[in-house]
Amino acid sequence: MEPTILIVDDDTRVTRSIQRLLAEESYRIYCADSASKAIHIVQNETIDVVITDERMPIMKGNEFLLYLKENHPQIVRILITGAGDTDSAYRAINEGEVYRYLSKPCNGLDILTTVRQAVEYKRLLEILDRAGKVCRRQLRQLQSIHARPSTKPEKSTSPNIRVSPYHKITEYITNLETELEQAERLINVLEIESVPPAI
């Protein structure tokens, strides 16, 4: 499925400009000229990346991103700020946990590169999330099997030693737990690296 991008800005010239910029990419693009319209879109469509302006009437960009964090945390969030929006950008970084912020005037290459990176970041998070779910499910199944009493112990090559048939399961559980921990650490690293530099 094509990645979906939502562009939010009350200036339709800006949304059209970004839309044209991304037209060569394999994205499905939605546009909204207010946060309320954008909320309606995210409630009814699967959105991967949101790129929003800070200065909008009624609900500002950082407030909209906070809403997304609380209600649609799987959406990767990008904020475009003006020169005087330092405080708003700071709030968006800390409260809305934005993936990136771009300062105006921002050139087309910066926007294009940032959106590409955000799409790839979302793809990696989805892969890790699926892998984590599989590992947890397998881990629960194996722990359930391992908890059953052993009725038919295997014969060891040593005549006086009897080996439980579940010793290999225990080893596999340990390996799964290690892989799951590594995946979760990688997610944390990706999230840390996505935070913009301090303002």
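Biologist: Leaving aside its neighbours within four places in sequence, which residues is Leu6 in contact with?

Modeller: With neighbours within four places left out, Leu6 is in contact with Tyr30, Cys31, Ala32, Ala38, Ile41, Val42, Ile47, Val49, Val50 and Ile51, where contact means heavy atoms within 4.5 Å. This is a predicted model, in which local features need pLDDT of at least 70 and side-chain atom pairs count only at pLDDT 80 or more, while totals for chains, interfaces and linings use all residues. Residues are numbered from 1 along each chain as its sequence is written, and side-chain values use heavy atoms, with hydrogens and water left out.

Biologist: Which elements do you find along the protein, and in what order do they run from the N terminus?

Modeller: The protein has six helices and seven strands, and from the N terminus their order is β-α-β-α-β-α-β-α-β-α-β-β-α.

Biologist: What makes E2 and E5 the edge strands of the open sheet?

Modeller: The sheet has five strands in the order E2-E1-E3-E4-E5, with parallel pairing, and strand E2 (28-32) and strand E5 (100-103) each pair on one side only. Two strands pair if DSSP finds at least two bridges between them; strand E4 (residues 76-81) and E5 are joined by four bridges, in the parallel sense, so the pair meets that definition. In that part of the sheet, Thr81 stands opposite Ser103 in E5.

Biologist: Why is Cys31 called partly exposed?

Modeller: Buried means under 20% relative accessible area and exposed over 50%, with partly exposed in between (1.4 Å probe, protein chains only), and Cys31, at 32% relative accessibility, therefore counts as partly exposed. Cys31 belongs to strand E2 and, not counting residues up to four places away in sequence, touches Leu6, Ile7, Thr15, Gln19 and Ile41.

Biologist: And why does Lys104 count as partly exposed?

Modeller: Its relative accessibility is 38%, and Lys104 therefore counts as partly exposed. Lys104 lies in the loop between E5 and helix H5 (108-147); Ile80 is 24 residues away from Lys104 in sequence and 6.8 Å away in space, C-alpha to C-alpha. With neighbours within four places in sequence left aside, the contacts of Lys104 are Asp53, Ile80, Thr81 and Gly82.

Biologist: How do you know that the buried residues of H2 line one face of the helix?

Modeller: The buried residues of H2 are Ala35, Ala38, Ile39, Ile41 and Val42. Seen down the axis of H2, they fall within an arc of 160°, so they line one face; the arc is that of the directions from the helix axis to the C-beta atoms. On the other side of H2, Ser36 and His40 are exposed, whereas the cover over its buried residues includes E1, E2 and H3.

Biologist: What makes a group of residues a nonpolar core, and how many residues has the largest one here?

Modeller: The term is used for a set of buried Ala, Val, Leu, Ile, Met, Phe, Trp, Tyr and Cys residues joined through side-chain atoms within 4.5 Å. The largest core has 19 residues, and Leu6, Val8, Val42, Ile47, Val50, Phe64 and Leu68 have the most contacts inside it. Two or more residues come from each of strand E1 (4-8), E2, helix H2 (35-44) and helix H3 (61-71), and H2 gives the largest share, five residues. Apart from this core lies another, of 18 residues, including Ile5, Ile80, Leu102 and Val115.
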